[in-house]
Amino acid sequence: MTGRKMLALLLLVLALGLVLGACGGEQATQAPAAEQPKEEVTKAPEQPKEESTQEAAEAGKEIVLTIGFTESQTGKYNVSSSRQVKGLKLWIEQTNANGGIKLSDGTVVKFKTVSYDDESSKERVQELYTRLITEDNADFLISPYSSGLTAAAAVISEQYGKIMITTGAASDSIYKKGYTRVYQIYTPASRYLTGAVDIIKHVDPNLKKVAFVYEDSKFATSVVEAAKDYAAKQGLEIVLFEGYAPDTTDFGPFINKIVDKGAEAVLGGGHFQDGSTFARQLHEKQVPLKFVALLVAPPEPDFAELGEAAVGIVGPSQWEPQAKYTPEAAKEMGIEWCGPTNEEFVKAYEDAYNEEPSYHSAGGYAAGLVLGKAIMMADSVDPDAVKEALDNMDILTFFGHIKFDTSEEAHGLQIGHEMVYVQWQKDGDTLKKEVVWPLEGATAEILYPKP
Amino acid sequence: MKESKRAFPLADVLPGLPDQHWASFVLPLAVVLGLALFPFITGKDVHRETMFTVLRAIVMAVSLNIILGYTGYVSFGHVVFYGLGGYVGFYLVSEKGMSLWVALLAGGLAAGLLAWVIGAGILRLRGAYFALVTIGVNEAVRALIQNLDIFGGPLGLEMNFSVYKAYGGPQAMLQMTYNILVGLAVIAVLLSYAVRTSKFGLGLLAIREDEDAAEVMGIIAPKAKTWAYVLSAILPGMVGALFFFRNGSIEPHEAFPLHISIEAIVMVMLGGYGTVLGPILGAAGYQVMRAFLITNRYLKNIQLTVSGVLLLLIVLFIPAGLIGWLRRRIPASRRILL
């Protein structure tokens, strides 16, 4: 018994020693590497723009900006969030490896990151963002993944006057709360499915009856509510508008209603699991639909495992590797091209991580790209100058068109970027994901009506 | 005589056990106030935010201890009061333009009312049956809120940033909400102490040890349990209203997460259930450890593993919690550690 107690005590001491040792180690190793550049960086924004750049030119100095964010290393957002961070880190590595961003006065701007695990929960987001700003002296912020966590982080970033580029935060409402320094990379939720309505109008102006069957979650509900209004404005008849619980596995009752109402097209879905089950059951019951567009599930490579049931299903995506945004397209649009081409990004990402990039990865990279471009446009790291550059930004990147709303009501809302719509099509015996909308970025013609 | 020396000096104004040292009352308060004052001493915003999380956990653990520790009813649905209070408070501020103070009171009231209504029914169940039902109640309330249009359904509710102007801007709002939380934490400790040292609390302890025997001794168990449940619900409701107000948004899945209930149980067990000081130390220890691990440069990638191992060691070797262990090891501490 005494031996057991001794063992317990020993283990506890060891565990505590491990914790305390790590604490001491951190201070010893972090100080010289991290503090020196931070001082330079944090002083720069406080001074008038001209002075700071003048000083930098005299010294011909290199400054290292700290980009702070939280990552969902654990919890339900883990996969999407880690891909987003991989994308961002790739941009930072490439930028630093290419010698950083050079300002006109000779200053070289490089970047480093500080991040913490938010555990996919709001619980500590505000605490961690306060730490990033006040303790780690982050110069610029990137949002957590998801609209809910970003909404909590934005209260803190705005309070301290920090610029936060959001990626993975599609909800419109965040940008309608009066913030002035929060900028959205993604197409907002209100426009997630409106393109699907445009596709219907384009391929079959005679199609009238549309059913909305969607997951009863914040994201899916906000998407379909906006799409429903848009569809009604476009003259479509909404014959069914019904939500299902997130853990639904039997879509029989919903499918019966779809058939009863005589719907020709179905829009909706929610996340991967329910969306793919819904698609499979629509196929099994041979529902005579001409067009089906579902959220989130279709762009995922695993969706192909549905086989025949996946054929013809359309899904919105923030970005796809096949999307055709090119410098030539930028010229035609009369706006500036920025960053790598799609092929260059995909290759660099695959080389770095040995996996295909998802739209979350591309969003993370684009967030860095937009921040870097804003610094270049501002020719300064001064937050006010960078904010002004972001307000005036109108560029085309591999991720798509980037332009922000500057009105007081919805400052920072993304108004340039459009969703791309993918459709699973048969290529011989195999299934292939093709971009079918918008037409300028399409890799194949849309398969209509759905088989 | 000897008894007069040991007597609780504030016995006339506060309920106290006759042989309890005055330190048993002061110690829990001192711990909470010490933690609460830490950010004021350092003047750092990040410490204020860390302590906000710690004090929030203390209120949750101390209030849960009333039904779990004193009464012996394991509730896995404690977060339902936090979520409901959060929703009611948020609705009143964002949709009805009412002040935060009204929202706090309404949040606490709504949570207390829910406990009173459901408590009368579910507290008839004992052991695992009660524990299971509390999870069901949490899910049922979440589903109800998700389908109520006035609470925004699955979209939840949002608040404009400009609302904080009425409270002196976001910086002042964050400080003010922290100060309010300090007040709530102090009230939680006073409430816990008052219950523990009162005749009512003695009745609860009797129910915990043997409910049937307690009833034979004249304790009206259903009434006592319901009141204990109501008392344990009010403060989490107020804290929910406060937390979501400073977050600026509320959604069903963020307001009723099961893991907050489980963490609260862990914190109560770590510190020592059925004691006044135990849940405070458990909550503070657990949250400070998590805050440290999550931001530690080397441990942040394995923070859940490290905290899991530490918890396992503590639960394995000190099952009665820290206070229980100290009381057993050092008999003299029993007068001080309540």
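Q: What makes β12(A) and strand β13 (residues 394-397) of chain A count as paired?
A: In this predicted model, β12(A) and β13(A) share 2 bridges in the parallel sense. Two strands pair if DSSP finds at least two bridges between them, so β12(A) and β13(A) meet that definition with their 2 bridges. Across from W337(A) stands L396(A) in β13(A).

Q: Why is one side of β12 (336-337) and of β14 (400-403) of chain A left without a neighbour in the sheet?
A: The open sheet has 3 strands in the order β12-β13-β14 (chain A), with mixed pairing. Because β12 and β14 of chain A stand at the edges, each has a single partner strand.

Q: How do you know which residues of chain B are in contact with chain A?
A: Two residues are in contact if their C-beta atoms, placed from the backbone, lie within 7 Å. By that rule, 36 residues of chain B are in contact with 37 residues of chain A. On the chain B side, α14(B) gives the most, with 6 residues.

Q: How are residues and chains labelled here?
A: Residues are numbered from 1 along each chain as its sequence is written, and chains are lettered from A in the order in which they are written. Local features need pLDDT of at least 70.

Definitions and conventions:
This is a predicted model: local features need pLDDT of at least 70, side-chain atom pairs count only at pLDDT 80 or more; totals for chains, interfaces and linings use all residues. Helices (H or I, at least four residues) and strands (E, at least two) are DSSP runs, numbered from the N terminus.
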